[in-house]
Amino acid sequence: MAGAALAACAQPPPAPSPRLLLTAAPGAPGGEALRAAVAARAGVAVVLWAPVDARTAGLRLACSGAACDEAIARLRADTALVAALVADELGRVPPPPARDAAR
Amino acid sequence: MDRSFFRCPDARGLAAALLGLAVLAWPAAAVERAPARAAGAAAATLATGTERVVVRWRAGVGPARERIAQAAGGEAAAPLRMARTLTLRHGIALADGASVDARTQVVRVAAGNVAALLARLAIDPEVEWAEVDQRQRIARVVPNDPFYGAGQTPPMPALGQWFLRAPTVDAPAAIDAVAAWARTRGDAGIVVAVLDTGVRFDHPDLADKLLLGYDFVSDPATANDDGGRDDDASDPGDWIMQAEHEAVNGPFAGCGLTGRDLGSSWHGTQVAGLIAAATDNAIGVAGAGWHLRVLPVRVLGKCGGWSADIAAGIRWAAGLDVPDVPRNPHPARVINLSLGSQATCSRTYADAIAAVRAAGVVVVAAAGNQGVAVNQPANCPGVIAVAGVRHVGTKVGYSSLGPQVALAAPAGNCVDLAGPLCRYPLVTTSNTGTTVPAGPTYTAGDFLHGGTPTLGTSFASPLVAAAAGLMLSVQPGLTPDELAHRLRSSARPFPTTADPGVPACRVPAGFGDVEQLECRCTTDTCGAGLLDVGAAVARAAEPLPVGGGGGGSLTFGWALGLALASLLLRLLDRRDLAGRGSVGRRRRRAGR
């Protein structure tokens, strides 16, 4: 048993929910009602909700690994609610230049 | 009474007037190529006692079309030589002076004829405007900020804020902010939003120049400030420990450096200082935008930020609605984005940028530091993308490049890569903390003692954003497109005297192309030219066009006048011939 626990510790934690970007379908509810509808359709809680405008929001779901894949598939299938659901993109400050490129 | 006696002179007068007006509209380029006798005579009579008048031709008239075609063909544009045309057209002796640009030149006129010439040019349909050229004395707008001038001691770079000063033989890429400051030191009502890591409000060179802003980083781990979106745009630090970088499936996996910790960048504080550090306050550095104010919008934290938060920040900065966030009470006219990723422009960015441009907001972004294709969002439609150049005007090794670039500005370079000192970095506000904030400081030119000189297209972009703010200070009605046009058209041509051993820049094939190090800029790779803030502000101050495309309809109108006049004269000639015939017949009859 101790060995199994040690083996589990050696495993990396499961990948967290990807950060997603959702665009609501025309006619879908907005604001908190949209968030609630997304959670209900995904079957998991929405743990982060970051609106961009009236129809677009960034989000994270309370899931990991395969469970997230299934939740995302359910959302994409509901075209009356979701017009687009894509992985959000990470932007960064441009990486500091290497010194040998700064002549 | 013979009524025809009265009608004919009227008709002739009308025809003569139409012809005269039509001659005014005669394609200038055609006259430009006429024999030079008249102009030569005019020049001879103008040897002494002359004044200078600046003449701006409307877009689309003969000479401009010709010169633009020349430029498109890769030839250097020939100087304007329109004095002869104007002399013939207006009957006032003129001589050619210098060309200012493809549509603007100086003409010399006898002092006593200035008023008459200006009156004539005011109704010349091919002239957009004309004004007396005024002698300018050397503007003594030298801020008293101690790190502004040359002669600094280490760890500060010896040349201080070289990039703000007038260009020199040694540093032709300097942006000549001093010339702009002679005209405007910026309107404090013009707000430049800095979408970045947040700012240090406690920096004494920024404290009075910062609006409150907002924090759009929604992910608490990324935000690193125990919360999501809130009204605190201060920068808590964005350091990444080595262990965080190496933690598989952790929130910051792969975000840092292998083998050592990555310290906080204070990136937003650096960008803000370049735009609007308190200037002429006897402290630290000068900001290119002098009195402009910065709206800090925090969209980046540990390992960057998500496009949803960045797009929301773009909208909010411009005064547009973002659900669940109070409306911005200080909408920006300019947004600086020294951030991005190696991707084509996403719908999220494109929509946000289109929305704020429709609201009249100018968006400026850094090209990127990988020496390949231009990053997102700099590659988005409508964005003024900024590449980085060395002090001599060649592309700095790290700068990304390509046809999306609007223009280039100094991004910092070091010359001697082996030595401890970086000779031409930018200098700006920062913080001494390696993780959490500590004390205010300024970026140095010293690689020793853990120094990190300010280098990168992140820092070229705010120089352009500040220039845009100064342009709006003198001409608040500029639209984003008109501002971008004037910014590009006022850019200094890339130096042609660069080291011939340096290869010409080429358009990269994409993000996976080989990094191009230093190269000779072309308009396909580094934009229209080198940022010249003095020229940009002067161009911004020119009158706004009244209506769009008026030049074309005027030209058509005058062409129609020419056709009508010709037709009328032909008719009159026929009548005249017929009349002479009648007189002859009458005389013959009389002789009988």
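**Exercise 1. Work out how many helices and strands chain B has, and how much of chain B is buried.**

Solution. Begin with the secondary structure, where helices (H or I, at least four residues) and strands (E, at least two) are DSSP runs numbered from the N terminus: chain B comes to 16 helices and 14 strands. Then turn to burial, where a residue is buried if 20 or more other C-beta atoms, placed from the backbone, lie within 10 Å of its own, exposed if 12 or fewer, and partly exposed in between; of the 592 residues of chain B, 49% count as buried.

This is a predicted model, in which local features need pLDDT of at least 70 and side-chain atom pairs count only at pLDDT 80 or more, while totals for chains, interfaces and linings use all residues. Residues are numbered from 1 along each chain as its sequence is written, and chains are lettered from A and ligands numbered from 1 in the order in which they are written.

**Exercise 2. Describe the sheet of chain A and explain why strand 2 and strand 4 each have one side without a neighbour.**

Solution. First, write down the order: four strands of chain A form an open sheet, 2-3-1-4, with antiparallel pairing (two strands pair if DSSP finds at least two bridges between them). Next, look at the edges, where strand 2 and strand 4 (82-87) of chain A each have a single partner strand, so one side of each is left without a neighbour in the sheet. Finally, follow strand 2 (residues 46-51) of chain A to strand 3 (residues 56-61) of chain A, with which it pairs over five bridges; a hairpin of four residues joins the two strands, Val46(A) stands opposite Leu61(A), and Ala50(A) stands opposite Gly58(A).

**Exercise 3. Find which element of chain B gives the most to the side that touches chain A, and state how far that element is buried.**

Solution. Start from the whole interface, in which 46 residues of chain B are in contact (C-beta atoms, placed from the backbone, within 7 Å) with 31 residues of chain A. Strand 8 (305-306), helix 11 (307-317) and helix 13 (457-474) of chain B each supply at least two residues of that side, and helix 11 gives the most, with seven residues. As for burial, helix 11 of chain B is mostly covered, with 11 of its 11 residues buried, among them Trp316(B) and Arg315(B). Lastly, strand 8 of chain B pairs in the antiparallel sense with strand 5 (residues 90-91) of chain A over two bridges, and Gly91(A) stands opposite Gly305(B).

Key: Contact = placed C-beta atoms within 7 Å.
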